[in-house]
Amino acid sequence: MSRSRLILLAVAAQLAAASPSANLVGPGCQAYAQQVPTGPGSVAGMAMDPVAVAASNNPQLTTLTAALSGKLNPQVNLVDTLNSGQFTVFAPTDAAFGKLDAATIDSLKTNAPLLNKILTYHVVSGQLSPAQVGGAHKTVQGADVTVTGSGNNLTANNASVVCGGVQTANAVVYMIDTVLMPPN
């Protein structure tokens, strides 16, 4: 076996040994790990799949998954887009969507431009680790989202990070407790 092949195998082994939970931040990470300790929806399982697939396996992101995949509004399907780039995703949990009034949810079922605007406001190009995520970042929607704090006190605009730094095959996910609304 060639020296370069041995080096590649050694690097791959080191990467495989790195724990997907090593850089997690947020007060809800331990509870999430207990809720989903193994399988595709676990932190380790999510690391194996592209972000939209990983989110679909996460029991706290069912409403977001429905919104991204065309189930909430058939005119909005961002799955292929999200799975084909490098992103940081501020993912509202089901509890975050539960804070929205029923009229807002109903309007998103028929107002594709608004749903698309809201969803793309939760996505930043590039993968930002917890050490890199602080500051203002231009979203795919076009407006900035501002991340402040650190560790268990990390926020994105007015939303608290429940559990963040969750690695997927192509993104870093920060589960948040509030749906972010883009500025007008």
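This is a predicted model: local features need pLDDT of at least 70, side-chain atom pairs count only at pLDDT 80 or more; totals for chains, interfaces and linings use all residues.

Residues are numbered from 1 along each chain as its sequence is written, and side-chain values use heavy atoms, with hydrogens and water left out.

**Exercise 1. The chain as a whole**

Task: State how many helices and strands the chain has, and what percentage of its residues count as buried.

Solution. 
Step 1. The chain has 9 helices and 7 strands; helices (H or I, at least four residues) and strands (E, at least two) are DSSP runs, numbered from the N terminus.
Step 2. Of the 184 residues, 43% count as buried. Buried means under 20% relative accessible area, exposed over 50%, and partly exposed in between (1.4 Å probe, protein chains only).
Step 3. The chain exposes about 9,000 Å², of which carbon and sulfur atoms supply 56%; accessible areas come from the Shrake-Rupley method with a 1.4 Å probe, and for residues only the protein chains shown count as cover.
Step 4. Among contacts with a separation of 6 or more, 63% are between residues 24 or more positions apart. Contact means heavy atoms within 4.5 Å.

**Exercise 2. The sheet**

Task: Determine the strand order of the open sheet and identify its edge strands.

Solution. 
Step 1. The 7 strands of the open sheet follow the order β2-β1-β7-β6-β5-β4-β3, with mixed pairing.
Step 2. The edge strands are β2 and β3 (135-138), each of which pairs on one side only. Two strands pair if DSSP finds at least two bridges between them.
Step 3. Strands β5 (residues 155-156) and β6 (residues 159-167) run antiparallel and are joined by 2 bridges; A156 has A159 in β6 as its bridge partner. These two strands form a hairpin with 2 residues between them, and N157 in the turn has a positive phi of about 55 degrees.
Step 4. Strand β6 is also joined to β7 (residues 171-176) by 5 bridges, and the two run antiparallel. A hairpin of 3 residues connects them. In this pairing Q167 stands opposite V172, and V161 stands opposite I176.

**Exercise 3. Helix α9 and T120**

Task: List the buried residues of α9 and describe the surroundings of T120.

Solution. 
Step 1. In α9 (residues 112-120) the buried residues are A112, L115, I118, L119 and T120.
Step 2. Their cover includes α5 (62-68), α8 (102-110) and β2 (123-125).
Step 3. At the start of the helix, a side-chain oxygen of N111 reaches to within 3.1 Å of the backbone nitrogen of L114.
Step 4. T120 counts as buried because its relative accessibility is 12%. Leaving aside neighbours within four places in sequence, T120 is in contact with L78, T139, V140 and Q141.
Step 5. A polar atom of the T120 side chain lies 3.3 Å from the backbone oxygen of K117. The C-alpha atoms of T120 and F90, 30 residues apart along the chain, are separated by 9.9 Å.

**Exercise 4. A loop asparagine**

Task: Decide whether N58 is buried or exposed, and name the partner of its side chain in a polar contact.

Solution. 
Step 1. N58 is found in the loop between α4 (51-56) and α5.
Step 2. With a relative accessible area of 1%, N58 is buried.
Step 3. Leaving aside neighbours within four places in sequence, N58 is in contact with Y32, G41, M46 and M175.
Step 4. The side chains of N58 and Y32 are joined by a polar contact of 3.2 Å. A polar contact is a pair of N or O atoms within 3.5 Å; within protein, one must be able to donate a hydrogen and the other to accept it, and residues adjacent in sequence count only if both atoms are side-chain atoms.

**Exercise 5. Salt bridges**

Task: Find how many salt bridges the structure holds.

Solution. 
Step 1. The structure holds 2 salt bridges, a salt bridge being a side-chain nitrogen of Lys or Arg within 4 Å of a carboxyl oxygen of Asp or Glu.
Step 2. K109 and D106 meet in a salt bridge (3.7 Å, N to O). They are 3 residues apart in helix α8, which means a separation of about one helical turn. K109 is partly exposed at 39%, and D106 is partly exposed at 44%.
Step 3. D144 forms a salt bridge with K138, with the closest N and O atoms 4.0 Å apart. D144 is partly exposed at 39% relative accessibility, whereas K138 counts as exposed at 55%.
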